[in-house]
Number of protein chains: 2
Amino acid sequence: MLVNKNFFNVSESYLFSTIAKKVNEFAAKHPDKKIIRMGIGDVTRPLCPAVVGALKRAALEMGDAATFRGYGPEQGYDFLRTAIKDYYLRRGVELELEEIFISDGAKSDIANILDLFAAENTVLIPNPVYPVYLDTNIMGGRKILFMDANEQNLFLPLPDRSVKADIIYICSPNNPTGAVYDTEGLKKWVDYARGNGAIILFDAAYEAYIKDDGLPRSIFEIEGAEECAIEFCSLSKTAGFTGTRCGYTVVPKALSKLGADINKMWLRRQTTKFNGVAYIVQRGAEAVFTPDGQRQIRESIGYYMENAGIISSALSEAGVWHVGGKNSPYIWLKCPDGMSSWNFFDYLLEKANVVGTPGSGFGKNGEGYFRMTAFASRENTIEAMERIKKIF
Amino acid sequence: MLVNKNFFNVSESYLFSTIAKKVNEFAAKHPDKKIIRMGIGDVTRPLCPAVVGALKRAALEMGDAATFRGYGPEQGYDFLRTAIKDYYLRRGVELELEEIFISDGAKSDIANILDLFAAENTVLIPNPVYPVYLDTNIMGGRKILFMDANEQNLFLPLPDRSVKADIIYICSPNNPTGAVYDTEGLKKWVDYARGNGAIILFDAAYEAYIKDDGLPRSIFEIEGAEECAIEFCSLSKTAGFTGTRCGYTVVPKALSKLGADINKMWLRRQTTKFNGVAYIVQRGAEAVFTPDGQRQIRESIGYYMENAGIISSALSEAGVWHVGGKNSPYIWLKCPDGMSSWNFFDYLLEKANVVGTPGSGFGKNGEGYFRMTAFASRENTIEAMERIKKIF
């Protein structure tokens, strides 16, 4: 038996284990210090009452023979797909039900969608970025090109027509930089993809954090995107589902313009390799899209975004260059005085007892940058920023 | 962009859609007839009270900031892995916690495990069998060999030393035939795999239906299996989780004898491409392994197995050759009078108004055979068998 040798080319990530080690060592040496964690990429506020109620009701249904549900459709129940269809329609994006696939999270689908594409494709990935795009393509043995996201392009790289890529990853609002493409920027990517017969894998996991009405929350707000893009969405950050696992993926039928019925291929992939998301979780997800659910999740998103505003203001006051935090829960700052990401990590931990994430953990262009997130409590966010302002 | 052309080699399955069409046509023509469905491959009894209680409690936990859980470990929470470790230990199989991976069902893991193996491997698949083994390997572009399961070997093929295979699928108790390997039979497969440097993918989704204490419920009851086998388990049929989605996969560390650290590769695959099973579902699954949960699921399994006994007795009385039904919820019968699978389907629907599954839908060796399942209600099972006895 031969193993897939590409696995051995995936480099081990020591980012979060190194952070944990450094923080634990500091805490042991300074048991009196209150450490505040601003690097956390996970939500902290609980599921909203509408969702909890729906989960409980669904659990009871499953315990009664009259309402019990066995295997559901692999692509998701129509009640949830309809709720998502309506959610898109409210933003002017018209989808067919068959274009919406319920998933157990954006990460799974972003990884599994690669089953549909040959190993011979060239992949274009922003740097820095969420590591899953890179690692899954290394596992698949594909040729990988990077596009530079940097201070000059405000961490929003645009197409370089001299580069020929087949599969393009875009994450907007971006993880880790918090930068968000405007309509014009996305249009350039759509035009590039259509001109090259390429496909865009658009990660919209943070769309609900966009406050500016002028910014696109779906790539399908861009004309022609339905002929060249797949969109991955998640309730993880939108509705606190990081531990409840539900997302959705939009695979337009018009992608057949690329020469194959990608929508049907994905349906085939999912019906063969997946058995759908738990019924109770889908009922919980449905509740997110009700008026009550939307109001309740908006409260949590508002809470996080106020945190983001507090972080951004404090950094501005301290004269620290940064992007993000306006339409995203992530703030990406330039380490002061030319410090490296890890030096700044140590400095911040030592001087302010605040923990963030070194940008170099997201790719070489992240070196010299640092990620903070808006997911801590209000009290801790304020205190961390007071401390940071003091040390600058 | 180039698509994965292997997808076009997967043949469309019209099995269940054709069944539905024929049944609907018959029902429209004969609105007075009561049709009984004995082809259903899904459980019908609800989740047991222990599981429903755990699901409800976990939903409430997720609604409270103090007990809320975000991202969990991709490989599953230790509370559930420990419960499964103990479950194996009660059968004398000692596993390490790190060898147990929680999944959203056996189907996902059986499909996704192939990420670990090169496309150049030769795959050996029983015929007839659960179609997922075949289709996922066609999608992966692997060379596929079949082993004949037939009346001569009681649908339990043994290794043919002249065949060289790298990846071997075994499903015991078998879907669709209900045949179960004994220790001696599995030992032959383990010896063959070890002699060839091959890996066995062992589908144990129906292990809980084995009543005979002398039969192995895990391949790891066989000496040396930990050096050549991965086992896939599911709570779908064991605890009515077909719509709740939880299973587990055992990937022994000793598989490193095959020349690569398969356990670590799977961990890497799952941490990169999966985000774990919902916390509430894992709490529900944990309840299955409590004394209350075990007693309650045993009641449902007992109910189904009494149905299986009723079916098997009726077929014996009617002089119909069959296997299964003794340690499995599936009964695999030989169509009388040399009828083809589909002719018998039509005959049974017409004469007895009973629906089953044509064996030819599971592979060419299924032609002339027919699958019945024990998942209908007691009342319907008895009535269907009375009708069948009458027509023979």
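What percentage of the 392 residues of chain A count as buried? In this predicted model, the share comes to 56%. Along the principal axes, the C-alpha atoms of chain A fill a box of roughly 60 × 55 × 50 Å. The radius of gyration of chain A is 21 Å, and because a compact globule of 392 residues would have a value near 21 Å, the two agree.

Turning to the fold itself, chain A contains 12 helices and 13 strands. Contacts that reach across the sequence are well represented here: of those between residues at least 6 apart, 72% join residues at least 24 apart.

The domain assignment divides chain A into two parts. Domain 1 is made up of two segments, 13–42 and 293–391, while domain 2 covers 49–289. The centres of domain 1 and domain 2 of chain A, taken over C-alpha atoms, are separated by 27 Å. Where the domains meet, domain 1 of chain A brings 27 residues to the contact and domain 2 of chain A brings 35 residues.

Three elements of chain A each supply at least two residues to the side of domain 1 that touches domain 2: α10 (291–317), β9 (322–324) and β10 (330–334). Of the contributors, α10(A) gives the most, with 7 residues. Sorted by class, this side of domain 1 of chain A holds 14 polar, 9 nonpolar and 4 charged residues.

How values were computed:
Residues numbered from 1 in each chain as written. Chains lettered and ligands numbered in written order. Predicted model: local features only at pLDDT ≥ 70, side-chain atom pairs only at ≥ 80, totals over all residues. Helix = DSSP H or I, 4+ residues; strand = E, 2+ residues; numbered from the N terminus. Rg over C-alpha atoms; globule rule 2.2 N^0.38 Å. Buried ≥ 20, exposed ≤ 12 C-beta atoms within 10 Å, placed from the backbone. Contact = placed C-beta atoms within 7 Å. Domains from an automatic or database assignment. Nonpolar A, V, L, I, M, F, W, Y, C, P; charged D, E, K, R; others polar.
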